[in-house]
Amino acid sequence: MLGLIGKKVGMTQVFDAQGRLTPVTVIKIEGNVVVAERTEDKNGYEAAVLGSVDKKKSTVTKPYAGQFTDICEPKQNVIEFRNFDKEVTVGEVLGVDIFKDTTFVDVTGTTKGKGFAGGMKRHNFQGGRASHGSKFHRDIGGTAMSSTPGRTFKGHRMAGHMGNERMTVQNLKVVRVDEEMQVLMVRGAIPGPAQSVVIVKKAIKK
């Protein structure tokens, strides 16, 4: 499966030849270096390990730097892509051009953290009436059982930590591949704030 490590730049809009406007997310692909290869004989499966963005030298430990010896500078983001569709060699630098014949992609990222949120914001509950005197406005309502079983089941939707979760948006259409700027534009939104790290893979369902 084809995949690359990218950085979410932000959102913009582009026009096609017919003048139709399309909202797109811009993903910057910074030199993905093949750090290692996993083989069936040695590891029991096949995969390509890619690294992206140079790591600050003051934060690099000797054990961490060992995997990059004679290949490249230590990388900040190192991710393994199983069953890589393209023949690659250790040290090779991959760019956005590997997606030039791809129509749809899946993008994985970490959503924005919202902190502690109530039930209405976190789970889109309706809440109670807004009228005067109801005394039930933004509450989540009953949560526990009666004497049997006399407890709240695990997984019950209540107030709590919202966001900061790993999420994948599937089947995003590739609108433009700019090999000169190493930029990929996909239709629609992807998870995470601007400048966050995302993983772009060829869509598995299309």
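Is Arg 38 buried, partly exposed or exposed, and what is its relative accessibility? Arg 38 counts as partly exposed, at 27% relative accessibility. Here, buried means under 20% relative accessible area, exposed means over 50%, and partly exposed lies in between (1.4 Å probe, protein chains only).

This is a predicted model, in which local features need pLDDT of at least 70 and side-chain atom pairs count only at pLDDT 80 or more, while totals for chains, interfaces and linings use all residues. Residues are numbered from 1 along each chain as its sequence is written, and side-chain values use heavy atoms, with hydrogens and water left out. Helices (H or I, at least four residues) and strands (E, at least two) are DSSP runs, numbered from the N terminus.

**Salt bridges**

- A salt bridge is a side-chain nitrogen of Lys or Arg within 4 Å of a carboxyl oxygen of Asp or Glu.
- By this rule there are 5 salt bridges.
- One of them pairs Glu 80 with Arg 38, at 3.1 Å from N to O.
- This pair links distant parts of the chain: Glu 80 is in strand S5 and Arg 38 is in strand S3 (residues 32–38), 42 residues apart.
- Glu 80 is partly exposed, at 31% relative accessibility.
- Glu 80 also meets Arg 82 in a salt bridge, at 3.9 Å from N to O.
- Arg 82 is partly exposed too, with a relative accessible area of 49%.
- Through shared partners, salt bridges join Arg 38, Glu 80 and Arg 82 into one network.
- Another salt bridge is formed by Asp 16 and Arg 20, whose closest N and O atoms are 2.9 Å apart.
- Asp 16 is partly exposed at 28% relative accessibility, whereas Arg 20 is exposed at 52%.

**Nonpolar cores**

- A nonpolar core is a set of buried Ala, Val, Leu, Ile, Met, Phe, Trp, Tyr and Cys residues joined through side-chain atoms within 4.5 Å.
- In soluble globular proteins, nonpolar side chains tend to be buried together.
- The largest nonpolar core has 27 residues, and Ile 27 and Phe 84 have the most contacts inside it.
- At least two residues of this core come from each of strand S1 (3–15), strand S4 (47–54), strand S5 (75–82), strand S7 (104–110), strand S10 (166–178), S11 and S12.
- Leaving aside neighbours within four places in sequence, Phe 84 is in contact (heavy atoms within 4.5 Å) with Met 1, Leu 2, Gly 3, Ala 48, Leu 50, Leu 94 and Ile 98.

**Backbone features**

- Most residues other than glycine have a negative phi, and most peptide bonds are trans.
- Thr 148 and Pro 149 are joined by a cis peptide bond, with omega about 5°.
- Pro 149 sits in the loop between helix H3 (119–123) and strand S9 (160–162).
- Asn 124 is in the loop between H3 and S9.
- Asn 124 is not a glycine, yet its phi is positive, about 65°.
- Asn 124 is exposed, with a relative accessible area of 68%.
- Gln 195 is not a glycine either, and has a positive phi near 75°.
- Gln 195 is found in the loop between strand S11 (183–187) and strand S12 (197–202).
- Gln 195 is partly exposed, with a relative accessible area of 47%.
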